Amino acid sequence: MAAISLRKGNTRLPPEVNRVLYVRNLPFNITSEEMYDIFGKYGAIRQIRIGTNKDTRGTAFVVYEDIYDAKTAVDHLSGFNVANRYLIVLYYQQAKMSKKFDQKKKEDEITKLQEKYGVSTKDK
């Protein structure tokens with residue numbers, strides 16, 4: 001009990017810290033059991049989602065039960081070598097992810113309009 005109070009006592013975390021981690025640069029053939037082995041060392045895990053589509057392969061979301069466990073995992077696993085690939089472990093930030101999705105959606109819409117009206121960007 002004393003260890004928990006020491007760990008959480010008067011510690012202010014930065015605002016970007018949360019329980020959900022976004023992991024990039026994973027080997028494409030990594031299994032969920034291997035992910036639980038790697039990330040489970042730092043605390044109780046609620047959920048792991050591994051990307052399976054062409055666009056999401058090599059990425060995963062890891063959700064911890066406790067925010068301090070997630071912070072410890074980010075501190076220790078950023079740059080960790082798995083199958084000759086160095087992991088990039090970030091805190092999930094909804095605003096940045098939705099902004100990236102909106103940007104891609106706008107680019108696709110512009111491309112469709114250019115094709116529809118016969119406008120090419122090579123003219124510039």
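**Entry 1: the sheet**

I began with the strands and found an open sheet of four, in the order E2-E3-E1-E6, with antiparallel pairing. I then looked for the edge strands, which are E2 and strand E6 (88-91), each pairing on one side only. On average, neighbouring strands of this sheet are turned by 20° against each other, direction ignored. I note that the model I am reading is a predicted one.

As background, strands of a sheet pair through backbone hydrogen bonds, either parallel or antiparallel.

I looked up one pair in detail. Strand E1 (residues 20-24) and E6 run antiparallel, and four bridges join them. Which residue in E6 stands opposite Leu-21? I found Tyr-91 there.

**Entry 2: the whole protein**

I listed four helices and six strands. Read from the N terminus on, the elements run α-β-α-β-β-α-β-β-β-α.

Of the 124 residues, 25% count as buried. The protein exposes about 9300 Å², and carbon and sulfur atoms supply 52% of that area.

**Entry 3: helices on the sheet**

Helix H2 (residues 32-39) lies across E1, E2 and E3, and its direction is at about 135° to E2. Helix H3 (residues 67-77) lies across E1, E3 and E6, running at about 150° to E6.

Which residues of H3 are buried? I wrote down Tyr-68, Asp-69, Ala-70, Ala-73, Val-74 and Leu-77. After H3 comes Gly-79, and I noted that its phi is positive, near 90°.

**Entry 4: Val-89**

I picked Val-89, which is found in strand E6. Is Val-89 buried or exposed? Its relative accessible area is 5%, so Val-89 counts as buried, the cut-off being under 20%.

I then looked up what Val-89 touches, leaving aside neighbours within four places in sequence. Its contacts are Leu-21, Tyr-22, Val-23, Val-74, Leu-77 and Ser-78. Val-74 and Leu-77 are among the buried residues of H3. I also checked His-76, which is 13 residues from Val-89 along the chain; their C-alpha atoms are separated by 9.4 Å.

**Entry 5: Thr-52**

For another position I went to Thr-52, in the loop between strand E2 (45-50) and strand E3 (60-64). With a relative accessible area of 67%, Thr-52 is exposed, because the cut-off for that word is over 50%. Thr-52 and Phe-28 are 24 residues apart along the chain, and I found their C-alpha atoms separated by 8.6 Å.

**Entry 6: a surface patch**

Last, I looked at the surface. Which residues form a nonpolar patch there? I found Leu-113, Tyr-117 and Val-119, with about 320 Å² of accessible area together.

I placed Val-119 in the segment after helix H4 (94-117). Val-119 has a relative accessible area of 49% and is therefore partly exposed: the value falls between the 20% and 50% cut-offs. A residue needs over 30% to belong to a patch, and the 49% of Val-119 is the value I set against that cut-off.

Notes. Residues numbered from 1 in each chain as written. Predicted model: local features only at pLDDT ≥ 70, side-chain atom pairs only at ≥ 80, totals over all residues. Heavy atoms only, no water. Patch = residues over 30% accessible without salt bridge, like charges linked within 9 Å, V, L, I, M, F, W, Y side chains within 5 Å. Areas by Shrake-Rupley, 256 points an atom, 1.4 Å probe, with all protein chains shown as cover. Salt bridge = Lys/Arg side-chain N within 4 Å of Asp/Glu carboxyl O. Helix = DSSP H or I, 4+ residues; strand = E, 2+ residues; numbered from the N terminus. Buried < 20%, exposed > 50% of the residue type's maximum accessible area, 1.4 Å probe, protein only. Pairing = 2+ DSSP bridges. Axes fitted to C-alpha atoms, helices over the stretch in contact; angles between N-to-C directions. Contact = heavy atoms within 4.5 Å.
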